[in-house]
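Hi,

Here is the structure I promised to pass on. Have a look at it first, and then read my notes below.

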Amino acid sequence: MEKTQETSQLSKMRKAVEKQLGSSTENYGDIMLMRFLIARSMDPVKATKMFIDWKKWREEFVPLGYIPDSQVPDQLESKKIFLQSFSTNGHPVVIIKTNRHFTPKDQLQFKKFVVHVLDKTIASAFKEGREIENEKLVVVLDLGNIGYKNIDARALITGFQFLQSYYPERLAKLFILSMPWFFVSVWKMVSHFLEQATLDKIVIVSNEDEHESFIKEVGKDALPEEYGGRAKVVAIQDVKLVQSPTVVD
């Protein structure tokens with residue numbers, strides 16, 4: 001789509017959102033609204049609905065604008081999420097060690113934790129509190145050394161559904177490492193809940209060539225030594241941001 005057409009569709013969406021909200025959209029930048037348009041194939045009507053649904057959800061589920069550490073203590077305690085530096089293409093890199101995950105007793109806290117991780121990872125790439133179009137995530141899902149007690153299809157589905165419904169165009173690439181044979185059937189089931197656009201961004205690393213491509217795309221400066229990089233792992237709770245990790249542009 002040409003730039004003039006994109007501008008036209010963006011203008012239509014902005015007017016539609018303002019009409020439904022009954023207020024100005026000046027607090028929402030073009031970059032943010034464009035993500036919703038792209039996620040809905042540049043259809044301003046569908047993009048407006050998605051945006052309104054997102055706004056309502058944020059107001060109800062994230063009233064502070066972000067989820068503080070104090071609301072997700074059990075999930076942080078396991079130290080299973082690591083927020084690294086930036087990938088070769090400048091995207092924030094987050095690593096998930098699934099062998100430290102166990103099915104949560106408090107599902108609400110887990111959902112808040114998903115938002116906490118996504119918001120903080122996205123905000124880590126902001127410049128002066130605003131988006132610079134590089135806030136798409138590179139996720140490394142490490143399935144190494146997992147047992148049956150670590151398998152939690154519900155958690156995976158929740159994470160993907162949040163990404164698809166409330167974080168449009170935020171996923172750059174997701175690499176799955178060390179998938180054991182007994183997890184294949186779980187992944188097939190989880191995949192049924194994913195949109196094709198999401199599936200297209202997922203790479204299951206299963207051989208040496210794919211591992212080399214993985215290292216090259218993510219970058220050795222962001223990857224810990226155990227994955228072929230030269231960085232140290234950094235637990236997400238140890239990463240301090242200049243401002244609160246809100247995702248409003």
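Is Asn 145 buried or exposed? Asn 145 is exposed, because its relative accessible area is 74%. The cut-offs are under 20% relative accessible area for buried, over 50% for exposed and partly exposed in between, using a 1.4 Å probe and protein chains only.

Before you go on, a word about the model: it is predicted, so local features need pLDDT of at least 70 and side-chain atom pairs count only at pLDDT 80 or more, while totals for chains, interfaces and linings use all residues. Residues are numbered from 1 along each chain as its sequence is written, and side-chain values use heavy atoms, with hydrogens and water left out.

Back to Asn 145: you'll find it in the loop between strand 3 (137-142) and helix 6. (Helices, H or I with at least four residues, and strands, E with at least two, are DSSP runs numbered from the N terminus.) The phi of Asn 145 is near 65°, which is positive even though the residue isn't glycine. Glu 169 isn't a glycine either, and has a positive phi of about 55°. Look for Glu 169 in the loop between helix 6 and strand 4.

Tyr 167 sits in the loop between helix 6 (153-166) and strand 4 (171-177). With a relative accessible area of 3%, Tyr 167 is buried. Its side chain makes a polar contact with the side chain of Arg 58, at 3.3 Å. (That term means a pair of N or O atoms within 3.5 Å; within protein, one must be able to donate a hydrogen and the other to accept it, and residues adjacent in sequence count only if both atoms are side-chain atoms.)

Gln 109, in helix 5 (residues 107-123), is buried too, with a relative accessible area of 9%. Leaving aside residues up to four places away in sequence, Gln 109 touches Gln 71, Val 72, Pro 73, Asp 74 and Gln 75. Contact here means heavy atoms within 4.5 Å.

Last, a helix pair. Met 32, Leu 33, Phe 36, Leu 37 and Ala 39 in helix 2 meet Pro 44, Ala 47, Met 50, Phe 51 and Trp 54 in helix 3. By class, this contact has 10 nonpolar, no polar and no charged residues. (Ala, Val, Leu, Ile, Met, Phe, Trp, Tyr, Cys and Pro count as nonpolar, Asp, Glu, Lys and Arg as charged, and the others, Gly among them, as polar.)

Happy exploring!
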